Amino acid sequence: MNKGFDFVLIIPPSPFLLDQKRNPPLGVLYLAAALEREQVDFAIADLRGIREQDWLYHIPDAQSYGISATSVEYPSAQKIALGLGHRGRPVILGGVHASVFPTDKLFGFASIVLGEAENAITGIVEAAGNNHLQTAYACRRPVIDDLPIPARHLLPLDSWANDKLVRGHLSTSILGSRGCPYKCSYCSEPAMFQRQVRFRDPRLVASEIAYLKMNYEITGFRFHDDLLTLKPSWLEELCELLEPLGIAFRCNARVDTLTPEKCRWLKRAGCIDVGLGIESVYQPCLDLIQKGQTVEQCDRAIQLLHDAGLQARVFLIVGLPGDVGDISGRSIEWLE
């Protein structure tokens, strides 16, 4: 077998989505930017929308392979790793699933990566090439402002931009911060970010957005942050920088972090809707999952958004512990 690339980053398929390319692969593109900065010889294999029987034909030869997967993508990732087994090269698993379930059987994988891998990825590729891979790597958190911007240029435009994230706009994902300090019991955040919140310099965020608008005519953005509204001074500065750019964007917030001032800042900056993690409208359930919010706060947050001319996008989880009785009827009544 020819040597091929030193490394191939694999984006697994997302068969649970009607449009597999709806969500830009921001995490993989950050890793690609880190590899590109260190001049590693690598490629990206995007398997979204590819038939299962054709997966291996779309993965070039390499000394090692890396797959980043969530839990719903993990079964496909494992099939890919087993399919690559005949090439005799190590396959490394990273992403949320590996970080949350590090004691899972590594059937098909030579190693797993825990947490944010930008600082570690180059060394891992080198170790794989020298046959010195460890079973697991616990990564040191990067300084978020030191990260290069995602290497979007390495993929076709339709792999990371579409008109579905923000209707009426060619749109993509953007990152303003990483992490969340709250303790919701169902969340993977502690495994990935240890509840440590890091904010990018708002000027870097605005600069990246301006670059994407100028070079790719992208005018819609979805902030990938868990919680954009946590730090008032940071949010105010960011919104002031975004306002003259003439963009439209979506973001996420906790219901107890919204204020009339924050809603006005968001609206002026171009925000069109805010996603709220309601999860359940049954208070005993919210208490059991350590959500740290009340149904009344949910009602108030939605009213604040409406008062500012913003849409509220609510997220509900069906089947949570403690959510008993007529869950559907209670949720529908609340939504109405």
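The axes of helix 7 (residues 232-242) and helix 8 (residues 260-269) approach within 8 Å in this predicted model and cross at roughly 20 degrees. Axes are lines fitted to C-alpha atoms, for helices over the stretch in contact, and angles run from 0 to 180 degrees between N-to-C directions. Helix 7 and helix 8 are therefore roughly parallel to each other (angles under 35 degrees; over 145 is roughly antiparallel, 65 to 115 roughly perpendicular, the rest oblique). The crossing of helix 7 past helix 8 is left-handed, that is, the near helix is turned anticlockwise from the far one by less than a right angle. Helix 7 contributes Pro232, Leu235, Glu236, Cys239 and Leu242 to the contact, and helix 8 contributes Lys262, Trp265, Leu266 and Ala269. Contact means heavy atoms within 4.5 Å. Seven of the contact residues of helix 7 with helix 8 are nonpolar, none is polar and two are charged. Nonpolar covers Ala, Val, Leu, Ile, Met, Phe, Trp, Tyr, Cys and Pro; charged covers Asp, Glu, Lys and Arg; polar covers the others, Gly among them.

The model is predicted: local features need pLDDT of at least 70 and side-chain atom pairs pLDDT 80 or more, while totals for chains, interfaces and linings use all residues. Residues are numbered from 1 along each chain as its sequence is written, and side-chain values use heavy atoms, with hydrogens and water left out.

Five strands form an open sheet in the order 7-10-11-12-13, with parallel pairing. Helices (H or I, at least four residues) and strands (E, at least two) are DSSP runs, numbered from the N terminus. Two strands pair if DSSP finds at least two bridges between them. Strand 7 and strand 13 (311-316) stand at the edges with a single partner strand each, so one side of each lacks a neighbour in the sheet. Neighbouring strands of this sheet are turned by 20 degrees against each other on average, direction ignored. Strand 12 (residues 271-279) pairs with strand 13 in the parallel sense over six bridges. Glu279 has Leu316 of strand 13 as its bridge partner.

Two single residues were also examined. Ser177 lies in strand 8 (residues 177-178). Ser177 is buried, at 2% relative accessible area. Beyond four places in sequence, Ser177 touches Ile144, Arg198, Phe199, Asp225 and Leu227. Leu157 sits in the loop between strand 6 (136-138) and strand 7 (171-174). Leu157 is partly exposed, at 36%. Buried means under 20% relative accessible area, exposed over 50%, partly exposed in between (1.4 Å probe, protein chains only). Neighbours within four places aside, Leu157 contacts Leu170 and Tyr216. Leu157 and Leu93 are 64 residues apart in sequence and 26 Å apart in space, C-alpha to C-alpha.
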